[in-house]
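Please keep the sequence and the structure in view as you read.

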Amino acid sequence: MQVTGLQEFLERIEENKGDAVIALAGNPNTGKSTVFNSLTGLNQHTGNWPGKTVVFAKGSYRYKKKNITLVDLPGAYSLLANSADEQVARDFICFGKPDATVVVVDATCLERNLNLALQVMEITPQTILCVNLIDEAKRKKMAIDFSKLADLLGVPVIPTVARDKVGLLDLKESIHRVVFEKQLLQPRRIVYNKVIESAIEKIQEEVEVLVHGSLNSRWVALRLLDGDPTIIREIFNHLQRMDPGDQQSKRALKVVEDCG
Amino acid sequence: MDSLEVGLNQILSKAQKVRWQVGSVREVIVKSIYEQAQEITEKVVTTKEAEEDLDRKIDNIVTSKILGYPLMIALLGLVFWLTISGANLPSQILADLLFGFQHRLTTFFHWISAPEWLHGVLVLGLYRCLAWVVSVMLPPMAIFFPLFTFLEDLGYLPRVAFNLDKLFKRAGAHGKQILTMCMGFGCNAAGVIACRIIESPRERLIAILTNNFVPCNGRFPTLIAMAAVFLGILVSKESNLLASALVAGVVVLGVFITLLVSWILSKTVLKGVPSTFTLELPPYRWPKIGTLLIRSVLDRTLFVLMRAVIVAAPAGVVIWTLANIEVANLSIIGYLAGWLQGFGRLIGLDGYIILAFILGLPANEIVIPILIMSYLSQGTMLELDSIEALRQLLIANGWTWLTALNMILFSLLHFPCATTLLTIRRETQSIRWTWLAALIPTTVAVVVCFLLAQTARVLGLV
Amino acid sequence: MLDQVFALTYLPIGRKAQVIKVGTEGLIRNRLLDLGFVPSAIVEAIRKSPAGDPIAYRIRGAVIALRSEESRQIQVRVVD
């Protein structure tokens, strides 16, 4: 079953996670790995996501007496999971419960990259936007209003040039605040059209009863509406993990699979 | 718990109703997210008149109808030339250093009066094999991988895939396969790992199974030496230019075979609908050279070298033992080569060559040394000082131009090395595909060499 | 002529168009949607591979190359 890979990985992360686990997400070609390398230096190792040929890198750094574990997720355009890479990224952010997720975006290509950022914010409020490659944006004569962006998104926005180590201290500080000083984040919520919104409303309450706050019920409702079988199976496995030793729910899984 | 089952069931049936109403929920979701991303971006980004950007100008050249392909070939040629010519001197220095240390080891073994066989196994077998692999492999990889990583980080490689995709589409494969092949020039094991960039399983498997048809760093020295020997026998005159052209031709043949085998695979065992092809052409970015060097040396060069060392060490022990245990005045190597002689002759080679390839399974680098060692009937691998000396030795052992040519072809087409096979096993999680990855190239190699040998003999060319 | 809806494959290089409909099914469709090919998005044909296929498009700030098999499934209308 697909979930074993995730579980195994989560257990491995849990072993020596330090004071907090931070996920690093981003589109391909955004300099995400540069951010990861600059933050962790040589304190890292790469490995295979169990059961899948997807690489992940784990690293760590120390800031203000806290040991931070950083998980570099595979590059993805979206979390709707059309490839193994995207599925791994989604599963970790959603079920791995990182203390915060940093989304690295390309300043020169904000619109495309915000697509992913908004999807992450839909799952978890603990999101930080790292706008990388601002030097490239300047070269292309683009001006970006970062504070306005932060206001619109409702999460911290940190401009960086990771390869020149510009802005990384700000990023560490922002992570510190979100994780340890419980900075309150109110991420912008994506509003869908009436049909979808009313459908969410119809099922969200029942979903809430089911997930007991262990997952974001609005997001789960959306995935159920979308009918994506991989995520529905993963959600079900997650619920089962919350409530182990439950035989009958296995039958429900079959129901889920039939629907997918 | 009953409620979980019932609950999920109820919700799912409700959800299904909405799906029927809306048509495509997914489309509405993605559209809404993108529209909001667009709205936000319009509010925070102001762009002064976009000038015709540099990327476009570069791409106009790099993907142009006239210059696109020549430029690609020129760059590939440049990378090879830098790798091969740049590796010569450091390889020599490294070899002198490591083999120099061997004498000290020998002195040490004599000093502690260790038995002769122990010295043989450990120093003449294990250490010598290691020293050989490291000095032959390390310098070219330490040059090739940074160069490759540079092109990768610069953003040039996706353009190569863009230019060549049509060729691969016709072969039922994915355009990104060319990138995994480029990586394969450095090391086929690394090339196989690189196949991860191909998302769809079918096309990825095709790329993995055919990666071996591009000659890796470990086989290049063999190809170059054999090209010189071949030309020496045929035109009895050394010509670097001709030899380079021959090696280039061999590479092109490898690419052709890759496409052919990919096509056959996609029509047979890996039949299926071609998956989506979407390829981002990212903006060009000048890489940070320092980080690039550290990353490519740590992540690629040392990684590949370590794996080669792990397989080469035991191989050295085995080879020394086989060459030094004599039964009735003939070493085991001699017996084995005798058995293989008939098959070897059939495909235009000989028993010793076949045996060298089999014993060279751990690493392609040691094929020629094993061969020389066998011909000289000495228990250790050694380096002849010049191509001329090598040629004399080979001719004395019955080589013709056909033997040299078939040696080149067999080296290009035969089974992958043990490291690559292990990597394929790990990447595919399947013994069956791993076997196929060994069987397919070997079959191709035997068929090609057989046909060539028989044709040459029928026509009376040898 | 300008109001005509046609497949993205036939969009001349250098021209911009608006996506009207993504016609495929399943994974291919989802992948194209994720890349930003959603109805009303603006797409520009940037360049052809020297072999004629694939063709690179600018969509939402990135340049993405599609084979004709995929671009044939996207219906567009010229806007510039």
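This is a predicted model: local features need pLDDT of at least 70, side-chain atom pairs count only at pLDDT 80 or more; totals for chains, interfaces and linings use all residues.

Chain A and chain B bury about 5,700 Å² between them. A search of the whole structure finds zero disulfides over all chains.

**Interface of chain A and chain B**
- On the chain A side, 69 residues are in contact with 53 residues of chain B.
- Carbon and sulfur atoms give 58% of the buried area of about 5,700 Å².
- The rule finds four salt bridges across this interface.
- A:Asp164 forms a salt bridge with B:Lys288. Their closest N and O atoms are 2.6 Å apart.

**Helix 8 of chain A**
- Helix 8 covers residues 194-211, which is 18 residues.
- At 1.5 Å a residue, helix 8 should span 26 Å. Its end C-alpha atoms are 25 Å apart, so the two values agree.
- Helix 8 bends by about 40° at A:Gln204.
- Buried residues in helix 8 include A:Ile196, A:Ala199, A:Ile200, A:Ile203, A:Val207 and A:Leu210. A:Glu197 is also buried.
- A:His212 follows helix 8, and its phi is positive, near 50°.

**Cysteines**
- A disulfide is a covalent bond between the sulfur atoms of two cysteines.
- The closest cysteine sulfur to that of B:Cys182 is in B:Cys195, 12 Å away. That is too far for a bond, because a disulfide needs the sulfur atoms within 2.5 Å.
- B:Cys182 is buried, with a relative accessible area of 13%.
- A:Cys94 has 3% relative accessibility, so A:Cys94 counts as buried. The cut-off for buried is under 20%.

Notes
Residues are numbered from 1 along each chain as its sequence is written. Chains are lettered from A and ligands numbered from 1 in the order in which they are written. Side-chain values use heavy atoms; hydrogens and water are left out. Helices (H or I, at least four residues) and strands (E, at least two) are DSSP runs, numbered from the N terminus. The expected span of a helix is 1.5 Å times one less than its number of residues. The bend at a residue is the angle between axes fitted to the seven residues ending there and the seven starting there. Buried means under 20% relative accessible area, exposed over 50%, partly exposed in between (1.4 Å probe, protein chains only). Contact means heavy atoms within 4.5 Å. Buried area is the accessible area (1.4 Å probe) that two parts lose on being put together, summed over both. A salt bridge is a side-chain nitrogen of Lys or Arg within 4 Å of a carboxyl oxygen of Asp or Glu.
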